[in-house]
Every structure is written in C-alpha cells, then in structure tokens.
Amino acid sequence: MQGCQDTDASVKGMNVTDLDVCTYFKFFFFFFPNLFIENVLLVQTNKNIKGNKVKLGGFMHWKGIWLLIAAVAGFKHDAFFSSKPINSFLLAPFRCNKYMPSTRFEEILSAFTFTNHERPSFKDRFGEVQQMVNAWNNHMKEYFYPSW
C-alpha cells in the first residue's frame, strides 16, 4: 500500500489510560522539556530574582498557579491572591495564598526569563522565546507521535 497509513497518536512513556486521567499540570510536566526548565528557566530567573532563589518545586507551584489562572477566564491574576472571602459575584473563585504568597508569585513573575541567549542587534519579536520553542519542538519529536 502506498501513501500514508492510518496511525494512532501515541506518547512515548504513556498509555491511553494515563492520557485519560492526566491533569493540565501533568500534561505540562510531561510534554515540556524538563532539562530546559532546570538549565535555562531556573538558572536565568534566579539571576534576575530579588528574593530567594527559585527551586524546581517552587517553580512548579508557580507554574501550576499560572495554569489555574489561565483556565479561569475573567479575572486579573492578583484576584487569585485576595484575602477576601470567595464570593460568587466578585473576585476569582480560588485563593492561591496557601500555595504561594502573592509577593513570591510576583517576584518570580518579574524575574522570569525564557532564554540564556544574548539579544540580537536587530528587532526579533520571537527572540526571547525562540530557544524555548526549539526545546519544545525537539522534545516533541522525541516523545509525541501524531496520528494521520
């Protein structure tokens, strides 16, 4: 038979049951290149941070909060750290203070850096994220097999 054959999508190291029960965080942690997190994101962010250095666990808390904020529409990120009681009509429906203080969240956010490459001399709109995109693409080539 010539041409493309039907194939099912697959992920190296995961079976269908794993995929059915994955949370957003597990998907992120599995698909995002972990070496890039450890060797670039954490190192560069720690060079810029004014408070305590960010460790992998703290980064994952921070990223988990960002995923929650991204999944709940209509609220500014500081609403998730309000000390006011949850109200169905006001503010965000979750409080993240027990996972990370808002000041720490803001420290990491303000220092967060996507690359360890020097900025080019020309205007490059993707310059800050290109290294991350390349790491993602290389990681996906190794772990993800799309269907046809």
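This is a predicted model: local features need pLDDT of at least 70, side-chain atom pairs count only at pLDDT 80 or more; totals for chains, interfaces and linings use all residues.
Close-up 1. Thr113 touches Leu41, Gln44, Thr45 and Asn48, leaving aside residues up to four places away in sequence. Thr113 itself sits in the loop that runs between helix H5 (102-111) and helix H6 (130-143). With a relative accessibility of 17%, Thr113 counts as buried, because the cut-off for buried is under 20%.

**Close-up 2. Polar atoms around the Thr113 side chain.** The side chains of Thr113 and Asn48 form a polar contact at 2.6 Å. Asn48 is also among the residues that Thr113 touches. A polar atom of the Thr113 side chain lies 2.9 Å from the backbone oxygen of Ala111.

**Close-up 3. The aromatic pair of Trp66 and Phe105.** The structure holds 11 aromatic pairs. In the pair of Trp66 and Phe105, the ring centres are 5.5 Å apart and the planes stand at 50 degrees, so the pair is tilted. This pair links distant parts of the chain, with Trp66 in helix H4 (residues 56-71) and Phe105 in helix H5, 39 residues apart. Phe105 is buried, at a relative accessible area of 0%, whereas Trp66 is partly exposed, at 25%.

**Close-up 4. The aromatic pair of Phe112 and Phe114.** The rings of Phe112 and Phe114 are arranged edge-to-face, with 4.8 Å from centre to centre and 80 degrees between the planes. Phe114 is partly exposed, and its relative accessible area is 26%.

**Close-up 5. The aromatic cluster.** Ring pairs join Phe59, Trp62, Trp66, Phe81, Phe105, Phe112 and Phe114 into a cluster.

Conventions:
Residues are numbered from 1 along each chain as its sequence is written. Side-chain values use heavy atoms; hydrogens and water are left out. Helices (H or I, at least four residues) and strands (E, at least two) are DSSP runs, numbered from the N terminus. Buried means under 20% relative accessible area, exposed over 50%, partly exposed in between (1.4 Å probe, protein chains only). A polar contact is a pair of N or O atoms within 3.5 Å; within protein, one must be able to donate a hydrogen and the other to accept it, and residues adjacent in sequence count only if both atoms are side-chain atoms. Contact means heavy atoms within 4.5 Å. Rings of Phe, Tyr and Trp (its six-membered ring) pair if their centres lie within 6.5 Å; planes under 30 degrees apart count as stacked, over 60 as edge-to-face and the rest as tilted.
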